[in-house]
Amino acid sequence: MTYFANHATVLLCMVVYLGLIITLGWYLQRQAAKTVGEYYLANRRIPGWVVSLAFFSTFISTNTYIGQAGESFRYGLSWTWVGLFWAVFCVISWMILGPRMRNQSIRLKSFTVPDYFQLRYQSPLSRSIRILSAFIILFATIWYMTGIAKGIAHLLESVLDVPYAYGAAFMLFFTCFYTVAGGMYGIMWTDAVQGILMFAVAILMLALPFVYVGGYDVLMAKIAYVDHVSKKGTPIGNGLVTFGQLTSFLYIAGIGLSVGMKQISEPKLLIRFYTVKDRKGMKFAMTWTPIFMGVSLVCVMGLGALVHGMVTTEEAAYLVKNTDEVVGFMLKKFDSPLISGICLMGLFAAGMAALASVTLVVGTTLVKDIWNVWKPMPAERIIPRTKLVMLLYCLVVYYFTLFPPAGVVELSAFAGSVYVASFLPTIFGGLYFRWGTDLGAVASMITGILVNIIWRFGVRPNYEALADVHEVFPAFIASFIVYLIASKLTVSRKPDQEHLSVVFGTGEAVAG
């Protein structure tokens, strides 16, 4: 009883929020269970404002609201530059990729990103491209989902005293169950609702350090020069407000690019373009998604640096080595059950929005792009098997969450780098280069994932001078060059003119 008395307000907020999500999911699940097209893509009939909010909420996730916000505790206000990179790539995503991706997916009758690769690079090798890209998705997703679950588990531990393992399990399996029930239709609408909540919570969290210390001038004076120590054990001094003093711009750019460029390469975000109802909806999303993204990033990316004004020297020494716990610590320090409850709702929403989307991508990838390609199945078995593999995959992610290989930021950034290097050249080439070929796609994907792994585990840990050079730089450059060279050398393998006419909009759509 003492536990419930101490946490009654926060628990009430969470019950209200989870009840809303369950009710919404139950109502929407009736729209999702009829056909594969409805379950996977919501029949391409989602309004633009819903897609815009869902894209925002899915990309941001707890990796941003907890991981990136906490990282600025270590690196200061310089870390807000990471958010600038992300905002730029949000604009690029919707202006350059979005319309073409939607149009080509409709013409090719594509349901997933891997099957887009097969349909776009039509050849005897295109089936192998589809399967290869599916395995890359499964590899990268482990890292990404682990980061989200880890962030929420730390938050529940700080705010509600829930053991880490229990918090991670609740987050993963609650999200999995409502994803299984609602499919894409349920995910898009619940993500939109969660996006509204996340947007409001970002603004609220930014206000907390200022309110705690007594105003803007007081807080800025406190963080202008601190006696706290950095991760290396040296005094921070004025490093929180001095650009590049606590970390190199090269590292900031690496995280900014590896995560920001996911918006133009990650399947869970690209698939959003498939679902837009019409051109009017696409135009709305192109305008408002960068605004939602930009405002929220301004609020959270420097939050950790501001928390220095709330903590003692001893607390700072702990948090600088455990930045995934900074936001939870801030809420506990502010000591307002109502504020903690509202913020926890928003942070939980951030995690659920991203997890639900990527869980569905995993299910569609395993069933439609691997299982069904290897051994074709009746259409009526696709959805039940998709639901089953989503649950099984979450069990695997839960194991990795119990023994995470890195912090939230590095987990998310590595996953992003894999997507960027492995997929972006093939996607961009497919959308814009008529001469792109199947061998160019395969060679680029293999190069991207190999360079990522070698640089992340072989180069950065062993060569101090290259430690801040994120794997996204060498991996993306190498994969893009390989795509260009391999495609040019094998230009005779490009699809025939009739197929290219379909892809680029001058011919009839492929048969269903």
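This report describes aromatic pairs, charges over rings, a helix contact and selected residues in a predicted model.

## Aromatic pairs around Trp81

A pair of aromatic rings is described by the distance of the centres and the angle of the planes. Across the whole structure, a search finds 36 aromatic pairs. In one of them, the ring centres of Trp81 and Phe243 are 5.5 Å apart and the planes stand at 55°, so the pair is tilted. Trp81 is partly exposed at 39% relative accessibility, and Phe243 is partly exposed with a relative accessible area of 44%.

Trp81 also forms an aromatic pair with Phe249, with 6.2 Å from centre to centre and 85° between the planes, and this pair is edge-to-face. Here too distant parts of the chain are linked, since Trp81 lies in helix H4 and Phe249 in helix H9, 168 residues apart. For Phe249 the relative accessible area is 39%, so this residue counts as partly exposed.

## A ring cluster and charges over rings

Elsewhere, Phe56, Phe199, Phe284, Trp288 and Phe292 are linked by ring pairs into a cluster.

Two residues with a charged end are placed over aromatic rings. The charged end of Lys488 sits over the ring of Trp435, at 4.2 Å from its centre. Arg456 lies over the face of Phe457, with 5.6 Å to the ring centre.

## Contact of helices H10 and H15

Two packed helices are described by the angle between their axes and the distance between the axes. The axes of helix H10 (residues 267-275) and helix H15 (residues 337-374) come within 9 Å and cross at roughly 85°. Angles of 65 to 115 degrees count as roughly perpendicular, and H10 and H15 are therefore roughly perpendicular to each other.

On the H10 side, Pro267, Lys268 and Arg272 take part in the contact, and they meet Ala354, Ser357, Val358 and Val361 of H15. By residue class, the contact of H10 with H15 comprises four nonpolar residues, one polar residue and two charged residues.

## Gln104 in helix H4

Gln104 is part of helix H4. With a relative accessibility of 2%, Gln104 is buried, because buried means under 20%. Leaving aside residues up to four places away in sequence, Gln104 touches Tyr116, Arg120, Gly430, Leu431, Val503 and Phe504. The C-alpha atoms of Gln104 and Gly505 are separated by 7.7 Å, although these residues are 401 residues apart along the chain.

Lys109 is not a glycine, yet its phi is positive, at about 55°. Lys109 is located in the loop between H4 and helix H5 (113-120). Its relative accessible area of 37% places Lys109 among partly exposed residues.

Asp335, likewise not a glycine, has a positive phi of about 60°. Asp335 is in the loop between helix H14 (326-334) and H15. At 64% relative accessibility, Asp335 counts as exposed, because the class applies over 50%.

Definitions and conventions. Residues numbered from 1 in each chain as written. Predicted model: local features only at pLDDT ≥ 70, side-chain atom pairs only at ≥ 80, totals over all residues. Heavy atoms only, no water. Phe/Tyr/Trp six-rings, centres within 6.5 Å; stacked < 30°, edge-to-face > 60°. Buried < 20%, exposed > 50% of the residue type's maximum accessible area, 1.4 Å probe, protein only. Helix = DSSP H or I, 4+ residues; strand = E, 2+ residues; numbered from the N terminus. Lys NZ or Arg CZ within 6 Å of the ring centre and 35° of its normal. Axes fitted to C-alpha atoms, helices over the stretch in contact; angles between N-to-C directions. Parallel < 35°, antiparallel > 145°, perpendicular 65-115°, else oblique. Contact = heavy atoms within 4.5 Å. Nonpolar A, V, L, I, M, F, W, Y, C, P; charged D, E, K, R; others polar.
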